[in-house]
Amino acid sequence: FPGLADVSISQDIPVEGEITVPVGSQSPDEDYSTLDEPVKDTIMRDLKAVGKKFVHVMYPRKSSALLRDWDLWGPLVLCVSLALMLQGGSADSKDDGGPQFAEVFVIIWFGAVVITLNSKLLGGTISFFQSLCVLGYCVMPLTVAMLVCRLVLLAGGGTVSFIIRLIVVGAMFGWSTLASTAFLADSQPPNRKALVVYPIFLFYFVISWMILTFTPQ
Amino acid sequence: IACLVMYLFAEFDDAANLLAANPDATTISIDEPVEIPKSQHSRLQEPGREEDDELLGTDDSDKTELLAGQKKSAPFWTFEYYQTFFDVDTYQVLDRIKGSVFPVPGKNFVRLYIRSNPDLYGPFWICATLVFAIAVSGNLSNFFIHLGKPTYHYVPEFRKVSIAATTIYAYAWLVPLALWGFLMWRNSKVMNIVSYSFLEIVCVYGYSLFIYIPTAILWIIPQKVVRWVLMVFSLCLSGSVLVMTFWPAVRDDNRRIAVATVAAILLLHALLSVGCLAYFFDAPELDIPPPIIPAHNGTTVITKSQ
């Protein structure tokens with residue numbers, strides 16, 4: 001440092017001060033300590049986070065909120081409600097009916113895990129739980145479709161109701177696939193995008209098929 | 001000798017292409033061309049093996065052939081080890097599917113398309129698609145066949161999905177295991193030119209099942225003749241891929257064992273497709289008594305079901 005060669009400290013300026021490291025009161029955890037807050041605050045914060053993600057799925061834009069703050073509450077709620085709504089289908093024997101509760105659960109979660117593993121093995125940069133979170137949240141349009149289908153079926157079966165259900169399920173299937181692709185496609189290597197998108201398409205297609213073929217008693 | 005010289009020039013050409021594409025690459029000698037010296041030996045002994053030239057091919061669809069031997073070096077408990085089995089691009093997967101659907105006579109699927117880069121993406125997702133294609137098409141076809149019958153009530157038959165999944169995944173993974181074990185055993189007794197790794201066999205089986213996906217969708221058509229024609233057609237295509245792959249591996253063996261092996265491969269393949277057709281798709285003409293519909297003027301008209 002050539003400019004400092006001629007700097008010297010004169011003897012009559014006292015060098016004084018305090019050399020202590022402040023302990024405790026300024027630790028970075030203080031701002032995020034949530035142990036003392038009322039339970040209602042904790043629950044509302046998580047609910048708001050989940051709700052925000054639902055809104056993101058409804059209007060899929062390139063936002064990082066869904067990816068950054070992943071949680072699995074939303075997917076769990078959606079999966080359970082979808083599996084519950086798929087119960088009560090008609091069957092002459094146990095073997096011929098629609099999917100059981102456990103089967104829906106396994107298909108959704110195991111399918112999501114397999115797709116996530118697939119995208120990671122192909123060289124994707126997204127983390128495991130982020131991908132599970134996105135895939136789970138994007139089941140929401142299909143859950144809405146299931147609700148609509150059950151309402152339409154309350155009005156009666158028949159060709160017209162089938163066509164309405166087909167259109168609704170088809171539209172929601174497209175929405176789900178596009179929403180999840182919008183979130184996940186960026187993290188994939190460019191020459192393998194189709195290899196990653198196809199399993200997602202298959203996953204939502206299977207769920208749509210389960211919804212469309214639901215026939216009540 | 002001229003064959004040998006031309007063959008060596010072809011190999012140098014490949015190496016030159018590769019070095020031009022990637023000048024920093026170090027070329028090392030690795031396992032896959034180990035089969036080449038053996039084939040050179042046999043070429044000197046039996047000049048009738050020119051097809052091995054074509055089998056090795058100079059297709060540019062996979063430029064990483066010479067470097068392929070050094071990739072599987074991660075220990076098997078790390079994630080990177082399994083990533084080496086998914087080292088394919090979209091166009092490579094599409095190429096392999098194309099190669100399984102349009103088998104070129106004389107060209108070996110493994111040599112031409114897999115080329116020491118077997119992937120697990122194709123076999124796994126083709127099997128998954130096939131499972132759902134068969135289950136969905138079977139359900140749809142049963143629905144159309146029984147449509148209009150008064151006693152019929154539609155059921156989704158979801159149980160059949162798990163049965164389809166078990167069958168197809170067992171076929172696509174256990175049969176290659178058995179075949180690989182058998183080939184390894186024969187390899188220890190008879191020196192073969194061509195030997196395949198387990199993953200290459202899984203790859204061939206997986207990609208050969210692709211033709212059954214459009215076949216399963218077309219099986220919705222409720223005509224027996226159409227279904228059997230489709231089945232024979234797809235059996236020929238995928239069977240030919242399998243035969244052309246495995247015949248070079250067994251032809252050095254005892255003639256009877258070679259023929260028996262290839263026959264067993266084809267038989268299992270046929271059994272799979274016949275079984276799927278029989279179990280998931282109801283027969284188009286059912287022998288239920290035709291419904292009797294009273295017509296307006298009081299006489300009864302018996303309508304024959306199609």
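How many of the 10 residues of helix α6 (residues 128-137) of chain A are buried?

Modeller: Eight of the 10, so helix α6 of chain A is largely enclosed by the rest of the structure. Buried here means under 20% relative accessible area, exposed is over 50%, and partly exposed is in between (1.4 Å probe, protein chains only). Helices are DSSP runs of H or I, at least four residues, numbered from the N terminus. Keep in mind that this is a predicted model: local features need pLDDT of at least 70 and side-chain atom pairs pLDDT 80 or more, while totals for chains, interfaces and linings use all residues. Residues are numbered from 1 along each chain as written, chains are lettered from A and ligands numbered from 1 in written order, and side-chain values use heavy atoms, without hydrogens or water.

The buried members of α6(A) are Q130(A), S131(A), L132(A), C133(A), V134(A), L135(A), G136(A) and Y137(A). Take L132(A), which sits in this helix and counts as buried because its relative accessibility is 5%. Leaving out residues up to four places away in sequence, L132(A) touches L72(A), P75(A), A112(A), V113(A) and T116(A); a contact is heavy atoms within 4.5 Å. P190(A) is another matter: L132(A) and P190(A) are 58 residues apart in sequence and 21 Å apart in space, C-alpha to C-alpha.

Now look at V134(A) and L135(A). Both are touched by S180(A), whose contacts beyond four places in sequence also include C138(A), I200(A) and Y204(A). S180(A) belongs to helix α8 (residues 159-184) of chain A, and at 0% relative accessibility S180(A) is buried too. Y204(A) touches V134(A) and L135(A) as well, and among the other residues that Y204(A) touches are F173(A), S176(A), T177(A) and S180(A).

The largest nonpolar core has 111 residues, and Y204(A), I207(A), Y205(B), L209(B) and F246(B) touch the most other members. (Such a core is buried Ala, Val, Leu, Ile, Met, Phe, Trp, Tyr and Cys joined through side-chain atoms within 4.5 Å.) Helix α9 (residues 193-212) of chain A gives the most to this core, with 11 residues.

Over all chains the count is seven salt bridges, each a side-chain nitrogen of Lys or Arg within 4 Å of a carboxyl oxygen of Asp or Glu. One of them pairs D71(A) with K53(A) at 2.6 Å, N to O. This pair links distant parts of the chain, D71(A) lying in the loop between α3 (65-68) and α4 (73-85) of chain A and K53(A) in helix α2 of chain A, 18 residues apart. D71(A) is buried at 11%, and K53(A) is buried at 3%.

Another salt bridge is D89(B) with R192(A), at 3.0 Å, N to O. D89(B) is in the loop between α4 (79-83) and α5 (90-101) of chain B and R192(A) in the loop between α8 and α9 of chain A, so this pair joins two chains. R192(A), D87(B) and D89(B) form one network through salt bridges that share partners. D89(B) has a relative accessibility of 14% and counts as buried, and R192(A), at 12%, is buried as well.
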